[in-house]
Amino acid sequence: MKSAEAHHTHTAADVEFMRKALELAQSAQRHGDVPVGAVIAIGGEIAAVGFNQKEANHDPTAHAEMVALRQASARRGGWRLSGATLYVTKEPCVMCAAACVAARIERLVFGCPDPKGGGAGSVYDIVEDDRLNHRVKVSSGVLAEEAAEMLRAFFRARRTQDDF
């Protein structure tokens, strides 16, 4: 990560949109998917939402971020999402981080880091890589403990089920 300080600045709106993303993450969990939710805001309004649907749709690319990016692009009538902020409960993976760059997302706000596969600072830093044609501003740690606990509880329950 480039500047730890820049990664932890967030607003009341960030918290509000992240709460919505956490609600969406619960939808993913109800459908048997890892509980990750995403919200795209443009001009302070929700432009798109998504939650993990890999299991439900039998689609390895149906991550919360990808679902929201597709929805926002369809609604906007174009793939460029300049001026948009993507809120997601967990740090995006490499695929989703690259999609943020490709879509020209202005800002990424995420809850908890993903130390095993994060693409926005933990393992890779795709979104701020100077070699790419666009960089995304990042704020992390918004409702991080709530997001992390939701993930921990999901995987704890899954391990318990596997024991039977």
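These legends describe close-up views of a predicted model. Local features are reported at pLDDT of at least 70 and side-chain atom pairs at pLDDT 80 or more, while totals for chains, interfaces and linings use all residues. Residues are numbered from 1 along each chain as its sequence is written, and side-chain values use heavy atoms, with hydrogens and water left out.

**View 1. The largest nonpolar core.** This core has 48 residues. A nonpolar core is a set of buried Ala, Val, Leu, Ile, Met, Phe, Trp, Tyr and Cys residues joined through side-chain atoms within 4.5 Å. Buried means under 20% relative accessible area, exposed over 50%, and partly exposed in between (1.4 Å probe, protein chains only). The residues with the most contacts inside the core are Ile 40, Leu 69, Leu 81, Ile 105, Leu 108 and Val 127. Elements giving two or more residues to it include α1 (12-30), β1 (37-42), α3 (64-76) and α5 (144-162). The largest share, seven residues, comes from α1. Helices (H or I, at least four residues) and strands (E, at least two) are DSSP runs, numbered from the N terminus.

**View 2. Leu 108 and the residues it touches.** Leaving aside residues up to four places away in sequence, Leu 108 touches Leu 86, Val 88, Pro 92, Ala 120, Val 127, Val 136, Lys 137, Val 138 and Ser 139. Contact means heavy atoms within 4.5 Å.

**View 3. His 58 in a loop.** His 58 lies between α2 (54-57) and α3. Its phi is near 50 degrees, a positive value in a residue other than glycine. His 58 is exposed, with 72% relative accessible area.

**View 4. Arg 104 in a loop.** Arg 104 is found between α4 and β4. Its phi, near 65 degrees, is also positive in a residue other than glycine. Arg 104 is partly exposed, at 22% relative accessibility.
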